[in-house]
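User: Please take me through this structure. I would like the terms stated as they come up.

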Amino acid sequence: MKKEIPIDEGIIGNGTGFIDTESEDFKMLQRAILEEASRQTPEQRRNLILRGVRLRMEHYLQEKDTKKITPAGSFLKEILDEFNIKNSSFAEYVGLTKTNFSALIHGKRKINSELAHKLEAIFNIKLDLWLGIEHKNYLLEVKKEPKKKYQKYKVNDLIPA
């Protein structure tokens with residue numbers, strides 16, 4: 001049975017590309033990737049996973065037309081899942097309560113500078129990236145506010161006549 005995987009942005013960026021997972025080219029590429037992966041040390045695999053998450057974070061940060069807000073904590077959750085690290089263990093390790101950590105990975109709490117420093121030390125993903133995502137998300141939320149309530153503010157109201 002022929003299986004096709006849609007490509008998010010398409011081969012030429014128009015959202016219409018598909019990969020035929022039954023093609024011989026796809027199978028050959030898949031075998032080459034699996035063969036290369038089998039030769040990697042556990043540390044190399046960890047670094048590759050972290051690099052992949054970092055690249056997704058950078059892509060999200062650079063994305064101009066963001067329709068969906070992705071909490072920075074969801075990237076952290078992705079890392080923990082990849083490494084089979086329990087949320088409760090990680091929360092304790094970085095000094096968060098289970099409740100606060102749960103709120104963090106679900107976007108109800110933000111990553112602050114102290115936690116961003118810890119995440120940089122643990123995962124070697126720059127604190128600028130963690131905080132940049134939080135800042136982008138804050139700006140996206142602010143832009144959702146109705147502009148009408150701010151239209152009454154004018155510089156002319158402040159300047160003496």
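Analyst: A residue is termed buried under 20% relative accessible area, exposed over 50%, and partly exposed in between, with a 1.4 Å probe and protein chains only. The model is predicted: local features need pLDDT of at least 70, side-chain atom pairs count only at pLDDT 80 or more, and totals for chains, interfaces and linings use all residues. Residues are numbered from 1 along each chain as its sequence is written, and side-chain values use heavy atoms, with hydrogens and water left out.

User: What is the mean pLDDT of the protein?

Analyst: The mean is 88, and 89% of the residues reach 70 or more. pLDDT is the predictor's confidence in each residue, from 0 to 100.

User: Which elements have the lowest and the highest mean pLDDT?

Analyst: Strand S1 (residues 4-6) has the lowest mean, 56, whereas helix H6 (residues 113-123) has the highest, 98. Helices (H or I, at least four residues) and strands (E, at least two) are DSSP runs, numbered from the N terminus. Where pLDDT is low, the predicted coordinates should not be read in detail.

User: On to salt bridges. How many does the count come to?

Analyst: The count comes to ten. A salt bridge is a side-chain nitrogen of Lys or Arg within 4 Å of a carboxyl oxygen of Asp or Glu. Side chains of opposite charge can pair when their charged atoms come close.

User: Which residue meets Glu 78 in a salt bridge?

Analyst: Glu 78 meets Arg 56, with an N to O distance of 2.3 Å. This pair links distant parts of the chain, since Glu 78 belongs to helix H3 and Arg 56 to helix H2 (residues 42-62), 22 residues apart.

User: Which residues are linked in a network of salt bridges?

Analyst: Glu 35, Glu 36 and Arg 39 are linked in such a network. Within it, Glu 36 pairs with Arg 39, the closest N and O atoms being 2.8 Å apart. Glu 36 is partly exposed at 40% relative accessibility, and Arg 39 is exposed at 52%.

User: Now the interior. Which residues of helix H5 are buried?

Analyst: In helix H5 (residues 98-105), the buried residues are Phe 101, Ala 103, Leu 104 and Ile 105. They pack against helix H3 (72-82), helix H4 (87-94) and H6. Contact means heavy atoms within 4.5 Å.

User: What is Leu 80 in contact with, beyond its neighbours within four places in sequence?

Analyst: Leu 80 is in contact with Ile 85, Asn 87, Phe 90, Phe 101 and Phe 123. Leu 80 lies in helix H3 and is buried, because its relative accessible area is 0%. Its C-alpha atom is separated by 8.2 Å from that of Phe 90, ten residues apart along the chain.

User: Glu 134, then: buried or exposed?

Analyst: Glu 134 is buried, with a relative accessible area of 10%. Glu 134 belongs to helix H7. Apart from neighbours within four places in sequence, Glu 134 is in contact with Ala 72, Arg 109, Lys 110 and Ile 111. The C-alpha atoms of Glu 134 and Ala 72 are separated by 6.2 Å, although these residues are 62 apart along the chain.

User: Which residues form a nonpolar patch on the surface?

Analyst: The patch consists of Tyr 138, Leu 139 and Val 142, with about 260 Å² of accessible area together. Accessible areas come from the Shrake-Rupley method with a 1.4 Å probe; for residues, only the protein chains shown count as cover. Patches take residues with over 30% relative accessible area and no salt bridge, joining like charges within 9 Å and nonpolar side chains (Val, Leu, Ile, Met, Phe, Trp, Tyr) within 5 Å. Val 142 lies in helix H7 (residues 127-144) and is partly exposed at 32%.

User: One last topic, the backbone. What phi does Asn 84 take?

Analyst: Asn 84 has a positive phi of about 55° although it is not a glycine. Most residues other than glycine have a negative phi. Asn 84 lies in the loop between H3 and H4 and is exposed at 70% relative accessibility. Asn 124 has a positive phi of about 60° and is not a glycine; its place is in the loop between H6 and H7.
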